[in-house]
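Trainee: I've got a model open and I'd like to talk through its surface and its sheet. Can you walk me through them?

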Amino acid sequence: MAAQSLYEELARQLGAIGAVKRGLARILPPECPAGSAAVLTLLERHGEMRISRLAELLAVDMSVTSRHVAHVAQRGWIERSADPADKRSRILRLTPEGQTMIDDLGLRTTEMFAHTLKDWTDDEVGQLNTMLARLRDSFGDCRAPHVRGPETRPPTRTPA
């Protein structure tokens with residue numbers, strides 16, 4: 001086990017990650033704020049899903065998720081269609097326009113990291129990726145892809 005001071009320094013370093021997140025937010029186009037970018041990214045990574053699953057992956061309340069979904073749907077980046085298993089629910093999926101936005105966001109992010117980390121070696125960037133993935137795995141990442149069968153779907157609520 002690592003020394004107490006190492007964990008304290010880790011806590012300080014992770015607390016400072018806000019600067020990295022703010023840098024990432026600055027490169028987003030004005031029409032695609034961070035919440036919208038997160039919705040698009042998760043739909044690309046995990047495929048079509050219900051809004052309840054999206055809220056779980058975003059780790060935010062359903063009302064917040066609904067606002068993000070409305071924003072991206074209004075811009076034509078996603079479509080909402082009836083869930084064949086439950087017509088009261090909607091399935092969200094990326095549109096070609098949404099994929100175009102995702103591609104643009106990926107390019108912006110890659111260019112930002114390439115510029116900011118230009119004095120890092122490929123090995124150092126690889127080590128950072130490996131360690132961050134390991135840290136996330138140690139905490140348990142709710143965003144890991146999983147498939148729910150009909151027997152494990154959460155109960156649906158009837159509309160009020």
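Trainee: Which helix gives the most to the nonpolar patch?

Mentor: Keep in mind that this is a predicted model. The patch covers about 690 Å² and is made by Met1, Tyr7, Leu10, Leu14, Ile17, Val20 and Phe113. The helix spanning residues 4–15 gives the most, with three residues, and that's α1.

Trainee: Is Val20 buried, partly exposed or exposed?

Mentor: Val20 sits in helix α2, residues 18–26, and is one of the patch residues. Buried would need under 20% relative accessible area, and exposed over 50%. Val20 has 39%, so the label is partly exposed.

Trainee: On to the sheet: which strands stand at the edges?

Mentor: Three strands make an open, antiparallel sheet, in the order β1-β3-β2. Each edge strand has a single partner, so one side of each is left without a neighbour in the sheet. Those strands are β1 (49–50) and β2 (78–83).

Trainee: What angle does the direction of helix α3 make with that of β3?

Mentor: Helix α3, residues 34–46, packs on the sheet and touches β1, β2 and β3. Its direction and that of β3 make an angle of about 95°.

Trainee: And which residue in β3 is the bridge partner of Ala82?

Mentor: A hairpin of two residues joins β2 to β3, and these strands pair in the antiparallel sense over six bridges. β1 and β3 pair over two bridges, with Met49 partnered by Leu92. For Ala82, the partner in β3 is Arg90.

Note on methods:
Residues numbered from 1 in each chain as written. Predicted model: local features only at pLDDT ≥ 70, side-chain atom pairs only at ≥ 80, totals over all residues. Heavy atoms only, no water. Patch = residues over 30% accessible without salt bridge, like charges linked within 9 Å, V, L, I, M, F, W, Y side chains within 5 Å. Areas by Shrake-Rupley, 256 points an atom, 1.4 Å probe, with all protein chains shown as cover. Salt bridge = Lys/Arg side-chain N within 4 Å of Asp/Glu carboxyl O. Helix = DSSP H or I, 4+ residues; strand = E, 2+ residues; numbered from the N terminus. Buried < 20%, exposed > 50% of the residue type's maximum accessible area, 1.4 Å probe, protein only. Pairing = 2+ DSSP bridges. Contact = heavy atoms within 4.5 Å. Axes fitted to C-alpha atoms, helices over the stretch in contact; angles between N-to-C directions.
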